[in-house]
Amino acid sequence: MAGVAGCGYALKYGSANVAVATGYELQIIAACAIGGVSFSGGQGSAAGAILGAATLQMLRELLTQLHVTDKYIEIAYGATIVVAVAVDRLRQRRSS
């Protein structure tokens, strides 16, 4: 999927740069965590990850409208990952 995204970017802008998507790793991990992908493996779906990405985008827009700086938005993403992983671990404990 990363290759497809890179080709799409190159087609749109007419060139490619290796540093374009630097820093998106945290957003991708947070989107997957919110979408219900288990970091223990074996659970999750692409649709859930897409819904997680949409939720994160809404969070970013809300925080931007409130004039929150990018530094604090990244902190919110990190807190989101911690909460999502904690919920996932609690869910796994109850199921076993």
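**View 1. The end of helix α1 and the glycine that follows.** Gly-14 comes directly after α1 and has a positive phi, near 80°. The model shown here and in every other view is predicted. Helix α1 covers residues 2-13. The twelve residues of α1, at 1.5 Å each, should span 16 Å.

View 2. How many aromatic pairs are counted? The count is one aromatic pair. The ring centres of Tyr-9 and Tyr-13 lie 4.6 Å apart, and the ring planes meet at 45°, so the pair is classed as tilted. Stacked pairs need planes under 30 degrees apart, and edge-to-face pairs need over 60. Tyr-9 and Tyr-13 are four residues apart in α1, which means that about one helical turn separates them. Is Tyr-9 buried, partly exposed or exposed? Tyr-9 has 31% relative accessibility and therefore counts as partly exposed.

**View 3. Ala-16 in the loop between α1 and α2.** Ala-16 sits in the loop that links these two helices. Its relative accessible area is 64%, so Ala-16 is exposed. Which residues does Ala-16 touch, once those up to four places away in sequence are set aside? They are Tyr-9 and Ala-10. Tyr-9 is also a member of the tilted ring pair. The C-alpha atoms of Ala-16 and Gly-6 are 7.6 Å apart, although ten residues separate the two along the chain.

**View 4. Helix α2 across helix α3.** Helix α2 (residues 25-34) and helix α3 (residues 46-65) cross at roughly 115°. Their axes come within 7 Å. The crossing of α2 past α3 is right-handed. On the α2 side, the contact is made by Gln-27, Ala-30, Ala-31, Cys-32 and Ile-34. On the α3 side, the contributors are Gly-48, Ala-49, Gly-52, Ala-53, Thr-55, Leu-56 and Arg-60. Sorted by class, this contact has seven nonpolar, four polar and one charged residues.

**View 5. Arg-60 of helix α3.** Arg-60 lies in α3. Is Arg-60 buried or exposed? Arg-60 has a relative accessible area of 18%, so Arg-60 is buried. Buried requires a value under 20%. Setting aside neighbours within four places in sequence, Arg-60 contacts Gln-27, Asp-70, Ile-73, Glu-74 and Tyr-77. Gln-27 belongs to α2 and also takes part in the contact with α3.

**View 6. His-67 in the loop between α3 and α4.** His-67 is found in the loop between these helices. Phi of His-67 is near 60°, a positive value in a residue other than glycine. Most residues other than glycine have a negative phi. His-67 has 73% relative accessibility and so counts as exposed.

**View 7. Helix α2 against helix α4.** α2 and α4 pack at about 35°. Their axes are 9 Å apart. The crossing of α2 past α4 is left-handed. Leu-26, Gln-27, Ile-29, Ala-30, Ala-33 and Ile-34 of α2 make the contact with Glu-74, Tyr-77, Gly-78, Thr-80, Ile-81 and Ala-84 of α4. These residues divide into eight nonpolar, three polar and one charged.

**View 8. Thr-80 of helix α4.** Thr-80 has its place in α4 (residues 70-95). With a relative accessible area of 18%, Thr-80 is buried. Which residues does Thr-80 touch beyond those up to four places away in sequence? Thr-80 touches Ile-34 and Leu-59. Ile-34 is one of the α2 residues in the contact with α4.

**View 9. The whole chain, for orientation.** The chain has four helices and zero strands. Read along the sequence, the pattern is α-α-α-α. The C-alpha atoms fill a box of roughly 50 × 35 × 20 Å along the principal axes. Of the 96 residues in the chain, 18% are buried. Among contacts with a separation of 6 or more, 43% join residues 24 or more positions apart.

Methods
Residues numbered from 1 in each chain as written. Predicted model: local features only at pLDDT ≥ 70, side-chain atom pairs only at ≥ 80, totals over all residues. Heavy atoms only, no water. Phe/Tyr/Trp six-rings, centres within 6.5 Å; stacked < 30°, edge-to-face > 60°. Buried < 20%, exposed > 50% of the residue type's maximum accessible area, 1.4 Å probe, protein only. Contact = heavy atoms within 4.5 Å. Expected span 1.5 Å × (residues − 1). Axes fitted to C-alpha atoms, helices over the stretch in contact; angles between N-to-C directions. Left-handed = near helix turned anticlockwise from the far one by under 90°. Nonpolar A, V, L, I, M, F, W, Y, C, P; charged D, E, K, R; others polar.
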